[in-house]
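Dear colleague,

I am handing over the structure we spoke about, and I would be glad if you looked through it with the notes that follow beside you.

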Amino acid sequence: MGEVTITRHGQANSGAKSELEYDKLSELGHVQARWLGEYLQDAQPYTHIISGSLRRQRETAEGILAGLGGPAIPHTTDARLNELDYFALSDSLTDMHGVPFPDSAETFAAHVPQILSHWAAEETPPHVESYAGFRTRIFDAVRNASLIEGRVLLVSSTGVIASLTALALGLETTQKAKMFLNVAHTSLHGFDYRTMNGASDLHMTLYGSTPHLDRADRTDKKTMV
């Protein structure tokens with residue numbers, strides 16, 4: 001099994017109040033994706049790009065390809081890389097515990113650990129994807145991608161990246177919430193599967209790299225929300 005790299009999508013519509021409103025890149029998000037593609041021109045080349053099927057993930061993959069100079073490598077989608085349904089989870093938290101949807105960066109930071117604890121406790125209604133189901137699908141997506149010959153770049157979202165990090169490092173919900181809040185748009189993260197004593201396990205090889213944004217003229221273009 002090989003290593004896979006995962007990037008978070010570019011900045012989306014951060015002021016949205018629903019998944020439909022949120023699911024598109026901002027003007028800066030498109031720029032971030034193109035910059036990442038331009039940076040990757042000089043890196044060890046990827047042979048496949050696989051994005052989730054959400055619009056912001058697909059637009060990011062398209063921006064990376066544009067930065068690379070065009071669709072020279074195949075881009076496919078895998079819905080298993082889609083983000084957790086934050087808005088549905090928030091509605092469930094409001095219905096059960098009266099917790100309102102956040103209206104600022106400060107309240108969002110407090111809201112994330114509440115959401116994750118609520119979800120992990122399996123308090124959500126049947127129509128909302130379970131925490132166990134989410135973990136299984138993202139784990140399987142990365143494992144399948146690691147079997148592809150060549151170098152694979154995945155385009156996903158912060159909840160997926162934070163959850164994979166938590167799985168690889170054995171983090172609890174509180175630490176996972178901190179990871180959730182600190183995944184920069186178009187940042188790079190590496191994972192691979194290693195077999196030890198006959199069993200395969202997920203390992204982290206890279207976290208939060210943003211070489212395409214770590215320039216004096218782009219420091220204000222690095223975003224989390």
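Does Arg56 count as buried, partly exposed or exposed, and what is its relative accessibility? Please keep in mind that the model is a predicted one. Arg56 has a relative accessibility of 1%, and because buried means under 20%, Arg56 counts as buried.

The side chain of Arg56 meets that of Glu19 in a salt bridge, with 2.8 Å from N to O. This pair links distant parts of the chain, since Glu19 lies in helix H1 and Arg56 in helix H3, 37 residues apart. Glu19, at 24% relative accessibility, counts as partly exposed.

The count of salt bridges comes to ten, and another one of them joins Asp140 and Arg143, whose side chains meet at 2.5 Å, N to O.

Turning to the strands, S1 (residues 4-8) is largely enclosed by the rest of the structure, because five of its five residues are buried. Val4, Ile6 and Arg8 cover one side, while Thr5 and Thr7 lie on the other. S1 pairs with strand S4 in the parallel sense over five bridges, and Ser156 in S4 is the bridge partner of Arg8.

Finally, the largest pocket holds about 550 Å³ of space and is lined by 28 residues, with Ser14, Tyr22, Phe101, Phe108 and Val225 nearest its centre. Helix H5 gives the largest share of this lining, three residues.

With best wishes

Methods: Residues numbered from 1 in each chain as written. Predicted model: local features only at pLDDT ≥ 70, side-chain atom pairs only at ≥ 80, totals over all residues. Heavy atoms only, no water. Buried < 20%, exposed > 50% of the residue type's maximum accessible area, 1.4 Å probe, protein only. Helix = DSSP H or I, 4+ residues; strand = E, 2+ residues; numbered from the N terminus. Pairing = 2+ DSSP bridges. 1 Å grid on protein atoms, 1.4 Å probe; cavity = no way out; pocket = protein on both sides within 12 Å on 5 of 7 lines; lining within 4 Å. Points joined across faces, edges and corners; volume = space filled by probe spheres on them. Salt bridge = Lys/Arg side-chain N within 4 Å of Asp/Glu carboxyl O.
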